[in-house]
Amino acid sequence: MRLAFFFLIVLVAGCSAAPPPAVPLEQPPLRPADEYRALREQALQGVVQVNEVTGQKEFVGATEYVILSDFQFSPAELHFRSGTVVRVRLSNTALVTHYFGGEEFFRLGAEPVNLMGSFVPRGQHHIPVAPLTDRDIFLFIKDPGVYLLDCFVPNHRAAGMVGRLVVDP
Ligand SMILES: [Cu+2]
């Protein structure tokens, strides 16, 4: 009986083993996390300024406009430069919710920055855009590479709602 209890403990302990790391070891980030933090702060200082007249913070960096429709992204290929903070204005012209993002892109290529009232929850890889609305997101661009851009809805993806996010060095 005591032996059976021991085996039960071993079994339970085995089940609660740590999950594998989220980032595969064969794809290490280009720079360490603390270096990215410093780069992000530096980039933010260049693109967020206080308007002398209104006293309000404003974004003075580059803006990319992306239209989400049934069933495509326009443009379907986006280019960003590593180490910059960009604004992406997402416009959904359709009557259903579409999503912008990609798992790899948001794991390695970019990190949402919550600025000017925009909010992307931590760990969200596909950003929803409600029907007939615009939404601004701000991204700190990280590891150079080519990442899949897609809509989260599987049949939208199959219908052609895919693209490429290219991070240039
Ligand atoms: Cu969609």
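How many aromatic pairs does the structure hold? The structure holds 6 aromatic pairs. This is a predicted model, in which local features need pLDDT of at least 70 and side-chain atom pairs count only at pLDDT 80 or more, while totals for chains, interfaces and linings use all residues. Residues are numbered from 1 along each chain as its sequence is written, and side-chain values use heavy atoms, without hydrogens and water.

**View 1. Phenylalanine 105 and tyrosine 147 form an edge-to-face aromatic pair.** Their rings are 5.9 Å apart centre to centre, with 65° between the planes. (Rings of Phe, Tyr and Trp, the latter by its six-membered ring, pair if their centres lie within 6.5 Å; planes under 30 degrees apart are stacked, over 60 edge-to-face, the rest tilted.) Phenylalanine 105 lies in helix α3 (residues 103-109) and tyrosine 147 in strand β11 (residues 145-150), so the pair ties together parts 42 residues apart in sequence. (Helices, H or I of at least four residues, and strands, E of at least two, are DSSP runs numbered from the N terminus.) Both phenylalanine 105 and tyrosine 147 are buried, meaning under 20% relative accessible area with a 1.4 Å probe and protein chains only. Phe105, Phe106 and Tyr147 form one aromatic cluster.

**View 2. His98 (ND1), Cys151 (SG) and His156 (ND1) coordinate the copper ion.** The distances are 2.0 to 2.2 Å. (Donors are N, O and S atoms within 2.8 Å of the metal, or 3.2 Å for Na, K and Ca; water is not among the atoms, so sites may look incomplete.) The donor residues are spaced H-x52-C-x4-H in sequence. Histidine 98 is buried, at 0% relative accessible area. Cysteine 151 is buried, also at 0%.

Terms used: Buried means under 20% relative accessible area, exposed over 50%, partly exposed in between (1.4 Å probe, protein chains only).
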